[in-house]
Amino acid sequence: MLSPSRVLEGAVKDTMLKYIGLRLVQSVFVLFGLSILIFFIARVVPGDPARAMMGYLATQDQLQAVRVEMHLDKSFPVQYYYWLRGLLHGDLGRSAYTKRPVVTDLVQYIPATLELILFATLISVVLGQAMGILAGYFRNSWFDGVSRLVSYLGIATPSFVIAILLMFFFSQVLHLAPSVGRIPIMMTAPPTVTGFMVLDSLLAGQFSTALVALTHLVLPAFSLAVIHIAQEGRITRSSIAENLGKDYITMHRVHGIRTSRIVFKYLLRPSIIPTVTVMGLDFAFLMSNAFLVELVFMWPGFARYALTTMLNKDLNAMVAVVLVIGLTFAVVNLLVDILITFLDPTVRIQRRGG
Amino acid sequence: MALLEAKDLHVGYRTFEGYLHVLNGVKIEVDEGERVGLVGETGCGKTTTVKTILRVLPMPPAQVQGGEILYRGEDVLRMSTHAVRDLRRREITAIFQDPLQALNPMFTVGTQLRDILKDSKAGRDGGRLTKRDIEKRCIVALQETGMPDPERIMTNYPSQLSGGMRQRVCIAEALSREARLLLADEPTTNLDVTIQDQILRKLDELVDEKGTSVLMITHSMGVVRDLTQRLYVMYAGSMVETARTKELLACPRHPYTQGLMKSVPRLTGEGISEGIPGRIPNYLEPPSGCRFHPRCEHVMPVCKEAIPPFYAVDEDHFAACYLYRS
């Protein structure tokens with residue numbers, strides 16, 4: 001026989017799965033709409049894609065041949081139909097700039113940026129939350145003041161400026177960290193499995209490569225993390241400071257619950273929820289906004305690739321890039337929603353409708 | 001020796017507008033096993049008094065300017081934070097006014113109750129309780145408050161419970177670790193009238209059984225009549241009168257208390273009473289001397305000069321009023 005709480009848990013799981021399913025279906029529709037939008041916008045923006053592909057010396061005949069090959073001589077809906085048919089076969093067309101299938105490009109560049117921004121997110125979560133919790137708990141103390149000042153500086157300074165400063169001090173002056181790339185040119189890269197250099201090195205048993213790859217990650221990831229440390233830290237700080245005044249926290253103290261439990265369990269849980277939402281958005285933004293830092297550190301990443309396709313009116317690649325960014329937002333938002341559902345029981349109860 | 005004794009307590013708040021001098025020489029005594037009431041209007045400093053005793057007043061903005069709070073002869077205000085926490089774990093507990101705010105919405109009732117017992121050191125020889133003991137005591141604590149199906153309540157979040165149920169949970173939390181002194185700050189004010197009575201009766205029964213001393217803060221005369229043996233009347237941060245509850249209700253001496261009694265609506269009375277003219281003073285620039293003097297019909301020149309001390313008006317009955325100087 002099932003106990004009442006078991007039944008309840010089962011019900012929660014069911015509604016949760018149903019909710020995730022619903023959200024996935026919604027995401028497919030959103031991405032479909034997005035693909036139509038970007039497909040047509042890319043084609044009405046001034047500039048001749050065939051010319052961009054073939055260069056100034058190409059003859060009219062050569063250009064016409066390219067147009068026919070890419071179906072650019074057909075009407076927009078027909079072009080979209082061809083593109084969609086390709087998509088269903090896992091083919092996003094050929095990049096006019098790299099001359100390779102777009103899918104090959106994506107497989108190469110996305111993991112590099114993902115590795116970078118995952119590491120940046122890790123740094124910003126650890127440092128930003130530590131700062132936010134401390135500043136909130138000791139609000140209006142000297143630490144709060146210093147962290148406020150540092151945060152404003154972090155928010156106001158563009159990440160590429162931070163990147164250049166970090167590179168100058170830590171690799172040129174102090175020689176503590178390498179400056180560019182994912183691993184030194186002389187080093188043999190591990191066989192690609194995940195595309196994450198550190199992970200692949202570990203999988204291949206090349207521990208020294210993994211360590212070197214990690215040191216290559218630190219500076220660019222930190223440059224990207226600074227603004228998020230500042231913003232997310234401040235958000236956590238203000239909700240901690242606010243919740244500290246709540247009756248229930250006073251009651252926890254009255255009941256003699258130890259301080260570490262109050263802070264890291266009873267205070268942190270309600271305070272971190274607004275931050276988690278922002279963290280998700282920040283992560284997805286980095287997917288496309290990391291390009292300046294990728295340029296500074298010569299990181300062969302997705303953000304840089306995205307920028308290049310836009311500048312070269314590389315139609316197929318542009319559409320694919322926008323879709324990848326859209327997909328990132330959709331996935332991250334869904335993950336954030338699931339995370340919040342686990343963090344916040346009031347959301348859970350509401351969704352169950354009881 | 002009294003169990004709890006607050007002497008000449010002065011507490012204020014620093015705000016943007018200036019310094020609010022709220023508690024102006026508060027004195028309270030609670031003996032072992034005694035039930036004491038503290039009545040006064042909203043805003044007279046009752047909650048500030050309770051929070052000062054519990055040492056949970058946010059400082060800043062609050063500031064303790066003077067006085068002492070003796071618990072079994074030891075000054076709570078001068079204890080280390082460590083000692084205060086042990087005091088809360090073993091000796092003093094509280095129930096607050098608003099049960100909707102007093103429970104953490106993010107955690108189940110069971111989680112919150114268990115953690116209290118986990119940290120309470122209520123085990124044998126002041127050690128930790130075993131897991132099984134904690135579980136057992138949680139259930140018992142909830143059961144004692146008259147809650148049906150405590151096992152299910154443990155798995156509920158506060159938002160799934162009614163106000164009355166939540167206040168029962170608060171009572172269970174407060175009484176779960178056998179504290180000696182309960183500070184109850186208007187425990188039923190925010191509940192439906194029909195529930196109020198049930199909860200008070202249950203609370204009464206429980207403290208009786210456990211022999212807990214109680215300081216009951218309220219603005220309801222009905223509550224103090226039923227539940228307390230002695231009474232303090234507070235006005236604008238000062239104690240104005242104290243006596244045995246029956247005596248004080250039957251024969252109030254301080255002009256403020258007399259006015260307060262008159263403004264209690266009676267079912268058998270002659271309609272709505274006139275109340276006391278004027279309002280509670282502004283704490284930014286409180287009246288000099290007796291803080292009640294601007295509203296008092298017996299005001300004398302001396303009232304504006306100095307805070308009146310407690311004068312004995314009867315056996316075990318004191319009033320802080322110059323009318324009783326002789």
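Modeller: Two strands pair if DSSP finds at least two bridges between them. Helices (H or I, at least four residues) and strands (E, at least two) are DSSP runs, numbered from the N terminus. What you see is a predicted model, where local features need pLDDT of at least 70, side-chain atom pairs count only at pLDDT 80 or more, and totals for chains, interfaces and linings use all residues. Residues are numbered from 1 along each chain as its sequence is written, while chains are lettered from A and ligands numbered from 1 in the order in which they are written.

Colleague: OK, let's start with chain A. How many helices and strands has chain A?

Modeller: Its C-alpha atoms fill a box of roughly 85 × 60 × 40 Å along the principal axes. Chain A has zero strands, and its helices number 15.

Colleague: And what share of the residues in chain A is buried?

Modeller: A residue is buried if 20 or more other C-beta atoms, placed from the backbone, lie within 10 Å of its own, exposed if 12 or fewer, and partly exposed in between. Of the 354 residues in chain A, the buried ones make up 36%.

Colleague: Over to chain B: what is its radius of gyration?

Modeller: Chain B has 11 helices and 12 strands. The radius of gyration is taken over C-alpha atoms, and the globule rule is 2.2 Å times the number of residues to the power 0.38. For 326 residues that rule gives 20 Å, and chain B comes close to it, so it is as compact as a globular protein of that length, with a radius of 21 Å.

Colleague: In what order do the eight strands of the open sheet in chain B lie?

Modeller: The pairing in this sheet is mixed. β6 (92-95) and β11 (311-314) of chain B each have a single partner strand, so they stand at the edges with one side left without a neighbour in the sheet. The order in chain B is β6-β7-β8-β3-β9-β10-β12-β11.

Colleague: Which residue in β8(B) stands opposite Leu181(B)?

Modeller: β7(B) pairs with β6(B) in the parallel sense over four bridges, and there Ala94(B) stands opposite Leu183(B). With β8(B), β7(B) also pairs in the parallel sense, over five bridges. In β8(B), the residue opposite Leu181(B) is Ser213(B).

Colleague: Which helix goes with β7(B) and β8(B) in a β-α-β unit?

Modeller: A crossover is right-handed if, with the strands pointing away from the viewer, the path from the first strand over the helix to the second runs clockwise. The unit here is right-handed, and its helix, residues 193-210 of chain B, is α8.

Colleague: And what is the bridge partner of Gly37(B) in β8(B)?

Modeller: Strand β3 (residues 35-39) and strand β8 (residues 213-218) of chain B run parallel, joined by five bridges. Gly37(B) has as its partner in β8(B) Met216(B).

Colleague: In the hairpin of β1(B) and β2(B), which residue takes a positive phi near 145°?

Modeller: β1 (residues 4-14) and β2 (residues 19-30) of chain B pair in the antiparallel sense over nine bridges, with Gly12(B) opposite His21(B). Four residues lie between the strands of this hairpin, and the residue with that phi is Gly18(B).

Colleague: Is Arg55(B) buried or exposed?

Modeller: Arg55(B) lies in the loop between α1 (46-54) and β4 (62-71) of chain B. Its phi is positive, about 60°, although it is not a glycine. Having 20 C-beta neighbours inside 10 Å, Arg55(B) counts as buried.

Colleague: Last one: which element gives the largest share of the side of chain A that touches chain B?

Modeller: Two residues are in contact if their C-beta atoms, placed from the backbone, lie within 7 Å. By that count, 22 residues of chain A are in contact with 27 residues of chain B. The elements of chain A giving two or more residues include α1 (4-44) and α11 (259-289). The largest share, six residues, comes from α10(A).
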